[in-house]
Amino acid sequence: MSLARLGQSLVRRLHRPLHLPPPPPTDHHAAVFRSLAMSHANTCVRGFASLTYSGGSTIAGKFGGPSSVHAVQVLELVAHLNHARPMSSGAAAPTPAGPTSSGAPATRPTVSKGVPVGARKVGMKVVMMSPGFVYEPYSPREPISFWKRLFTRSGWSRTKEDVILEMKNAYAVQQLRKKTGYSKKQFYDEAFKIYKEVNMLFARGDISSLRKAVTDNMHSAMKNEIKRRQAKWKSVYWELVEPAVNIRTLRARMIGLDKKDLDKAFIQLTLEFVTKQKYEAYNSKGQVVSGDKSKEVLVKEIWVFERSLFHPDAYWRVCGQIKL
(Lines give C-alpha, C1' and ligand atoms only; values in the text may rest on other atoms or scores of the structure.)
Protein backbone atom coordinates (compact mmCIF):
# COMPACT_ATOMS: atom_id res chain seq x y z
CA MET A 1 0.00 0.00 0.00
CA SER A 2 2.78 2.40 0.86
CA LEU A 3 4.41 1.80 -2.52
CA ALA A 4 1.11 2.51 -4.26
CA ARG A 5 0.66 5.82 -2.40
CA LEU A 6 4.26 6.82 -3.25
CA GLY A 7 3.62 6.09 -6.92
CA GLN A 8 0.45 8.16 -6.95
CA SER A 9 2.29 11.09 -5.32
CA LEU A 10 4.99 10.98 -7.99
CA VAL A 11 2.39 10.92 -10.73
CA ARG A 12 0.62 14.00 -9.28
CA ARG A 13 3.93 15.91 -9.05
CA LEU A 14 4.77 15.10 -12.67
CA HIS A 15 1.38 16.39 -13.85
CA ARG A 16 1.69 19.78 -12.08
CA PRO A 17 2.29 22.82 -14.38
CA LEU A 18 5.86 23.97 -14.47
CA HIS A 19 6.43 27.60 -13.29
CA LEU A 20 9.63 28.98 -14.76
CA PRO A 21 11.23 32.14 -13.36
CA PRO A 22 11.02 35.22 -15.60
CA PRO A 23 13.94 35.52 -18.02
CA PRO A 24 16.68 37.92 -16.94
CA PRO A 25 16.72 41.35 -18.59
CA THR A 26 18.78 41.62 -21.70
CA ASP A 27 20.55 44.70 -20.44
CA HIS A 28 20.72 47.00 -17.44
CA HIS A 29 18.54 49.73 -19.00
CA ALA A 30 15.67 47.30 -19.65
CA ALA A 31 15.74 46.17 -16.02
CA VAL A 32 15.65 49.76 -14.78
CA PHE A 33 12.77 50.56 -17.13
CA ARG A 34 10.66 47.66 -15.86
CA SER A 35 11.35 48.51 -12.21
CA LEU A 36 10.29 52.11 -12.79
CA ALA A 37 7.21 51.13 -14.77
CA MET A 38 5.85 49.17 -11.80
CA SER A 39 5.81 52.26 -9.58
CA HIS A 40 3.36 54.20 -11.84
CA ALA A 41 4.92 57.46 -10.63
CA ASN A 42 4.01 60.65 -12.43
CA THR A 43 6.91 62.89 -11.53
CA CYS A 44 7.80 66.16 -13.15
CA VAL A 45 11.28 67.54 -12.54
CA ARG A 46 12.18 71.09 -13.33
CA GLY A 47 15.52 72.77 -12.74
CA PHE A 48 15.99 76.37 -11.80
CA ALA A 49 19.34 78.12 -11.65
CA SER A 50 20.10 81.61 -10.40
CA LEU A 51 23.17 83.75 -10.47
CA THR A 52 25.16 84.35 -7.31
CA TYR A 53 24.04 87.55 -5.65
CA SER A 54 24.70 89.47 -2.49
CA GLY A 55 21.98 88.71 0.04
CA GLY A 56 22.84 91.39 2.57
CA SER A 57 20.77 94.48 3.29
CA THR A 58 21.17 98.03 4.49
CA ILE A 59 19.24 97.03 7.60
CA ALA A 60 21.86 94.44 8.42
CA GLY A 61 24.55 97.09 7.99
CA LYS A 62 22.75 99.40 10.36
CA PHE A 63 21.73 96.87 12.98
CA GLY A 64 24.43 94.26 13.03
CA GLY A 65 27.11 94.66 10.40
CA PRO A 66 27.15 93.26 6.88
CA SER A 67 25.53 89.89 6.41
CA SER A 68 26.97 87.00 4.40
CA VAL A 69 26.03 86.11 0.85
CA HIS A 70 22.94 83.92 0.95
CA ALA A 71 21.71 82.82 -2.48
CA VAL A 72 23.93 80.77 -4.79
CA GLN A 73 23.20 78.57 -7.74
CA VAL A 74 20.23 76.36 -6.82
CA LEU A 75 18.53 73.34 -8.36
CA GLU A 76 14.88 72.86 -7.41
CA LEU A 77 12.97 69.61 -7.86
CA VAL A 78 9.19 69.75 -8.18
CA ALA A 79 7.38 66.43 -7.87
CA HIS A 80 3.67 66.00 -8.59
CA LEU A 81 2.71 62.71 -6.99
CA ASN A 82 -0.88 62.73 -8.21
CA HIS A 83 -1.08 58.98 -8.80
CA ALA A 84 -3.09 56.72 -6.49
CA ARG A 85 -1.21 54.08 -4.61
CA PRO A 86 -2.45 51.55 -2.05
CA MET A 87 -1.72 52.18 1.60
CA SER A 88 -2.58 50.08 4.62
CA SER A 89 -5.70 51.31 6.36
CA GLY A 90 -5.13 49.36 9.54
CA ALA A 91 -8.30 47.33 9.00
CA ALA A 92 -8.48 43.75 10.20
CA ALA A 93 -7.84 41.00 7.66
CA PRO A 94 -11.03 39.55 6.12
CA THR A 95 -12.19 36.17 7.30
CA PRO A 96 -11.67 33.35 4.82
CA ALA A 97 -14.64 32.10 2.85
CA GLY A 98 -16.42 29.18 4.43
CA PRO A 99 -19.66 28.15 6.11
CA THR A 100 -20.91 30.40 8.87
CA SER A 101 -22.45 29.32 12.15
CA SER A 102 -25.87 29.40 10.45
CA GLY A 103 -24.66 27.09 7.70
CA ALA A 104 -24.79 29.73 4.90
CA PRO A 105 -21.59 30.30 2.92
CA ALA A 106 -19.69 33.43 3.89
CA THR A 107 -19.33 36.19 1.28
CA ARG A 108 -16.00 37.83 0.43
CA PRO A 109 -15.73 41.63 0.51
CA THR A 110 -15.88 43.34 -2.87
CA VAL A 111 -12.52 44.91 -3.78
CA SER A 112 -11.65 46.96 -6.84
CA LYS A 113 -9.21 45.46 -9.26
CA GLY A 114 -5.57 46.04 -8.37
CA VAL A 115 -6.25 47.09 -4.75
CA PRO A 116 -5.65 44.50 -2.04
CA VAL A 117 -8.20 43.77 0.68
CA GLY A 118 -7.91 46.12 3.65
CA ALA A 119 -6.31 48.88 1.58
CA ARG A 120 -7.50 52.24 0.28
CA LYS A 121 -6.35 54.59 -2.42
CA VAL A 122 -4.70 57.78 -1.26
CA GLY A 123 -3.73 60.63 -3.60
CA MET A 124 -0.60 62.60 -2.70
CA LYS A 125 0.47 65.95 -4.12
CA VAL A 126 3.52 68.07 -3.31
CA VAL A 127 2.91 71.82 -3.62
CA MET A 128 5.74 74.36 -3.77
CA MET A 129 5.10 77.46 -1.68
CA SER A 130 8.18 79.33 -2.97
CA PRO A 131 11.04 78.64 -5.41
CA GLY A 132 13.41 79.46 -2.55
CA PHE A 133 15.77 81.75 -4.48
CA VAL A 134 15.87 85.01 -6.42
CA TYR A 135 15.75 84.33 -10.15
CA GLU A 136 18.19 86.46 -12.16
CA PRO A 137 19.05 88.89 -9.34
CA TYR A 138 19.26 92.52 -10.37
CA SER A 139 22.62 94.16 -10.96
CA PRO A 140 23.17 97.60 -12.51
CA ARG A 141 24.19 97.68 -16.18
CA GLU A 142 27.41 99.45 -17.10
CA PRO A 143 26.66 102.63 -19.08
CA ILE A 144 27.54 102.49 -22.76
CA SER A 145 27.86 105.38 -25.19
CA PHE A 146 25.54 105.83 -28.13
CA TRP A 147 28.32 105.55 -30.71
CA LYS A 148 29.75 102.40 -29.17
CA ARG A 149 26.30 100.84 -29.04
CA LEU A 150 25.60 101.67 -32.66
CA PHE A 151 28.93 101.06 -34.43
CA THR A 152 30.69 98.22 -32.50
CA ARG A 153 30.08 94.50 -32.27
CA SER A 154 30.10 94.63 -28.46
CA GLY A 155 27.56 97.46 -28.64
CA TRP A 156 25.25 95.36 -30.81
CA SER A 157 25.51 92.45 -28.36
CA ARG A 158 24.77 94.79 -25.48
CA THR A 159 21.70 96.15 -27.25
CA LYS A 160 20.44 92.62 -27.86
CA GLU A 161 20.89 91.72 -24.16
CA ASP A 162 19.07 94.88 -23.07
CA VAL A 163 16.15 94.12 -25.38
CA ILE A 164 15.85 90.56 -24.04
CA LEU A 165 15.88 91.83 -20.43
CA GLU A 166 13.14 94.34 -21.19
CA MET A 167 11.05 91.69 -22.94
CA LYS A 168 11.29 89.49 -19.83
CA ASN A 169 10.16 92.40 -17.67
CA ALA A 170 7.22 93.16 -19.95
CA TYR A 171 6.12 89.52 -20.18
CA ALA A 172 6.19 89.04 -16.39
CA VAL A 173 4.16 92.21 -15.78
CA GLN A 174 1.71 91.24 -18.52
CA GLN A 175 1.07 87.83 -16.97
CA LEU A 176 0.77 89.38 -13.51
CA ARG A 177 -1.78 91.92 -14.75
CA LYS A 178 -3.69 89.19 -16.60
CA LYS A 179 -3.93 86.84 -13.59
CA THR A 180 -4.28 89.30 -10.70
CA GLY A 181 -5.34 92.65 -12.16
CA TYR A 182 -1.97 94.17 -11.21
CA SER A 183 -1.87 97.93 -10.69
CA LYS A 184 1.49 99.66 -10.27
CA LYS A 185 0.21 102.25 -7.79
CA GLN A 186 -1.68 99.68 -5.74
CA PHE A 187 1.33 97.37 -5.64
CA TYR A 188 3.68 100.20 -4.58
CA ASP A 189 1.34 101.06 -1.69
CA GLU A 190 1.22 97.42 -0.58
CA ALA A 191 4.97 96.93 -1.01
CA PHE A 192 5.73 100.05 1.05
CA LYS A 193 3.51 98.78 3.89
CA ILE A 194 5.31 95.43 3.82
CA TYR A 195 8.66 97.25 3.75
CA LYS A 196 7.71 99.26 6.84
CA GLU A 197 6.29 96.24 8.69
CA VAL A 198 9.29 93.99 8.04
CA ASN A 199 11.75 96.72 9.11
CA MET A 200 9.77 97.34 12.29
CA LEU A 201 9.54 93.64 13.21
CA PHE A 202 13.22 93.20 12.41
CA ALA A 203 14.16 96.08 14.72
CA ARG A 204 12.03 94.58 17.52
CA GLY A 205 13.48 91.13 16.98
CA ASP A 206 9.98 89.66 16.52
CA ILE A 207 10.97 86.48 14.69
CA SER A 208 7.58 84.76 14.86
CA SER A 209 5.64 87.69 13.33
CA LEU A 210 8.16 87.97 10.49
CA ARG A 211 7.23 84.53 9.19
CA LYS A 212 4.04 85.72 7.46
CA ALA A 213 5.65 88.64 5.64
CA VAL A 214 8.69 86.81 4.23
CA THR A 215 9.47 83.48 2.59
CA ASP A 216 11.00 80.60 4.55
CA ASN A 217 14.53 81.18 3.26
CA MET A 218 14.30 84.89 3.97
CA HIS A 219 12.91 84.20 7.43
CA SER A 220 15.84 81.93 8.23
CA ALA A 221 18.36 84.57 7.07
CA MET A 222 16.71 87.36 9.10
CA LYS A 223 16.45 85.11 12.14
CA ASN A 224 20.21 84.51 12.07
CA GLU A 225 20.85 88.23 11.58
CA ILE A 226 18.70 89.11 14.60
CA LYS A 227 20.64 86.63 16.75
CA ARG A 228 23.96 88.16 15.69
CA ARG A 229 22.66 91.67 16.39
CA GLN A 230 21.28 90.76 19.81
CA ALA A 231 24.65 89.33 20.79
CA LYS A 232 26.09 92.82 20.21
CA TRP A 233 23.24 95.18 21.13
CA LYS A 234 20.44 94.83 23.65
CA SER A 235 17.75 96.70 21.69
CA VAL A 236 17.22 98.94 18.66
CA TYR A 237 14.99 101.93 17.97
CA TRP A 238 13.84 102.32 14.36
CA GLU A 239 11.49 104.80 12.70
CA LEU A 240 10.47 105.34 9.08
CA VAL A 241 9.85 108.90 7.90
CA GLU A 242 6.89 108.80 5.55
CA PRO A 243 6.26 109.10 2.68
CA ALA A 244 9.03 107.35 0.77
CA VAL A 245 11.39 109.56 -1.18
CA ASN A 246 11.20 107.27 -4.22
CA ILE A 247 10.12 103.76 -5.23
CA ARG A 248 10.87 102.21 -8.61
CA THR A 249 10.76 98.79 -10.24
CA LEU A 250 14.16 97.45 -11.30
CA ARG A 251 13.24 93.98 -12.55
CA ALA A 252 10.28 91.65 -13.09
CA ARG A 253 10.65 87.93 -13.57
CA MET A 254 8.32 84.96 -13.99
CA ILE A 255 9.36 81.50 -12.77
CA GLY A 256 7.35 78.71 -14.39
CA LEU A 257 6.95 75.27 -12.85
CA ASP A 258 5.41 73.52 -15.84
CA LYS A 259 6.01 74.29 -19.53
CA LYS A 260 2.59 72.88 -20.40
CA ASP A 261 0.74 74.98 -17.80
CA LEU A 262 1.80 78.64 -17.65
CA ASP A 263 -0.64 79.27 -14.80
CA LYS A 264 1.67 77.39 -12.43
CA ALA A 265 4.22 80.12 -11.92
CA PHE A 266 5.68 82.63 -9.46
CA ILE A 267 6.27 86.34 -10.08
CA GLN A 268 9.22 88.20 -8.55
CA LEU A 269 9.38 92.01 -8.64
CA THR A 270 12.55 93.82 -7.58
CA LEU A 271 11.98 97.28 -6.10
CA GLU A 272 14.35 100.03 -5.05
CA PHE A 273 13.29 102.00 -1.94
CA VAL A 274 14.78 105.40 -1.16
CA THR A 275 13.57 106.48 2.29
CA LYS A 276 14.50 108.57 5.30
CA GLN A 277 14.96 106.66 8.55
CA LYS A 278 15.92 107.18 12.19
CA TYR A 279 17.57 104.62 14.43
CA GLU A 280 19.49 104.10 17.64
CA ALA A 281 21.10 101.03 19.18
CA TYR A 282 21.42 100.43 22.95
CA ASN A 283 23.54 98.18 25.13
CA SER A 284 22.38 96.18 28.15
CA LYS A 285 22.58 99.32 30.32
CA GLY A 286 20.32 101.32 28.00
CA GLN A 287 23.16 103.51 26.73
CA VAL A 288 23.28 104.61 23.10
CA VAL A 289 26.08 102.80 21.30
CA SER A 290 25.19 103.59 17.68
CA GLY A 291 22.98 105.96 15.69
CA ASP A 292 20.99 109.03 16.66
CA LYS A 293 17.19 108.98 16.52
CA SER A 294 17.04 112.78 16.27
CA LYS A 295 18.66 112.68 12.82
CA GLU A 296 17.22 111.46 9.54
CA VAL A 297 19.35 109.17 7.41
CA LEU A 298 18.78 108.68 3.68
CA VAL A 299 18.71 104.93 2.97
CA LYS A 300 18.58 103.12 -0.39
CA GLU A 301 17.60 99.44 -0.35
CA ILE A 302 16.70 96.83 -2.99
CA TRP A 303 14.07 94.25 -2.02
CA VAL A 304 12.59 91.38 -4.01
CA PHE A 305 8.87 90.64 -3.62
CA GLU A 306 7.32 87.34 -4.64
CA ARG A 307 3.81 86.09 -5.30
CA SER A 308 2.30 82.86 -6.58
CA LEU A 309 -0.07 82.93 -9.56
CA PHE A 310 -1.78 79.63 -8.75
CA HIS A 311 -2.16 79.38 -4.96
CA PRO A 312 -5.56 80.45 -3.60
CA ASP A 313 -5.47 83.65 -1.54
CA ALA A 314 -1.83 84.29 -2.54
CA TYR A 315 -0.22 87.55 -1.34
CA TRP A 316 3.09 89.37 -1.72
CA ARG A 317 6.04 88.38 0.46
CA VAL A 318 9.68 89.43 0.67
CA CYS A 319 11.94 86.74 -0.78
CA GLY A 320 15.27 88.57 -0.94
CA GLN A 321 17.34 91.68 -0.30
CA ILE A 322 20.11 92.67 -2.70
CA LYS A 323 23.13 94.67 -1.60
CA LEU A 324 25.10 96.30 -4.40
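# Reading burial, rings and salt bridges

User: How do I read burial for one residue? Take phenylalanine 187: is it buried or exposed?

Analyst: Phenylalanine 187 has a relative accessible area of 3%, so it is buried. The cut-off for buried is under 20%. Keep in mind that this is a predicted model.

User: What share of the protein's residues is buried?

Analyst: The protein has 324 residues, and 33% of them are buried. Its accessible surface comes to about 21300 Å². Carbon and sulfur atoms account for 57% of that surface.

User: What does the secondary structure come to?

Analyst: Eight helices and seven strands. For the contacts, look at sequence separation. Among contacts in the protein with a separation of 6 or more, 69% are between residues 24 or more positions apart.

User: Now the rings. What describes a pair of aromatic rings?

Analyst: Two values: the distance between the centres and the angle between the planes. In this structure the count comes to 13 aromatic pairs. Take phenylalanine 187 with phenylalanine 305. Their centres are 6.1 Å apart, the planes stand at 85°, and the pair is edge-to-face.

User: Where do phenylalanine 187 and phenylalanine 305 sit in the chain?

Analyst: Phenylalanine 187 is in helix α6 and phenylalanine 305 is in strand β6. They are 118 residues apart, so the pair links distant parts of the chain. Phenylalanine 305 has 0% relative accessibility and therefore counts as buried.

User: Why is the pair of phenylalanine 192 and tyrosine 195 stacked?

Analyst: Because the planes are at 20°, with the ring centres 6.4 Å apart. Planes under 30 degrees apart count as stacked. These two residues are three apart in helix α6, so about one helical turn separates them. Phenylalanine 192 counts as buried at 12% relative accessibility. Tyrosine 195 is buried too, at 0%.

User: Which residues form the aromatic cluster?

Analyst: One cluster is formed by Tyr182, Phe187, Tyr188, Phe192, Tyr195, Phe273, Trp303, Phe305 and Trp316.

User: On to charges. How many salt bridges does a search of the whole structure find?

Analyst: It finds 11. Start with arginine 141 and aspartate 162. Their closest N and O atoms are 2.9 Å apart. Arginine 141 is in the loop between β2 (119–123) and α4, whereas aspartate 162 is in helix α5, 21 residues away. Arginine 141 is partly exposed at 37%. Aspartate 162 counts as buried at 18%.

User: Where do lysine 179 and aspartate 263 sit?

Analyst: Lysine 179 is in helix α5, and aspartate 263 is in the loop between β3 and β4. They are 84 residues apart. Their side chains meet in a salt bridge at 2.4 Å, N to O. Both partners count as partly exposed: lysine 179 at 35%, aspartate 263 at 37%.

User: How many residues apart are aspartate 189 and lysine 185?

Analyst: Four, within helix α6, so about one helical turn lies between them. Aspartate 189 is partly exposed at 39%. Lysine 185 counts as exposed at 62%.

User: Which residues do shared partners join into one network?

Analyst: Arg141, Arg149, Arg158, Glu161 and Asp162.

User: Last, the surface. Which residues make the nonpolar patch?

Analyst: Phe146, Trp147, Leu150 and Phe151 make a patch of about 510 Å². Phenylalanine 151 is in helix α4, residues 146–151. At 54% relative accessibility, phenylalanine 151 counts as exposed.

Methods:
Residues numbered from 1 in each chain as written. Predicted model: local features only at pLDDT ≥ 70, side-chain atom pairs only at ≥ 80, totals over all residues. Heavy atoms only, no water. Patch = residues over 30% accessible without salt bridge, like charges linked within 9 Å, V, L, I, M, F, W, Y side chains within 5 Å. Areas by Shrake-Rupley, 256 points an atom, 1.4 Å probe, with all protein chains shown as cover. Salt bridge = Lys/Arg side-chain N within 4 Å of Asp/Glu carboxyl O. Buried < 20%, exposed > 50% of the residue type's maximum accessible area, 1.4 Å probe, protein only. Contact = heavy atoms within 4.5 Å. Phe/Tyr/Trp six-rings, centres within 6.5 Å; stacked < 30°, edge-to-face > 60°.
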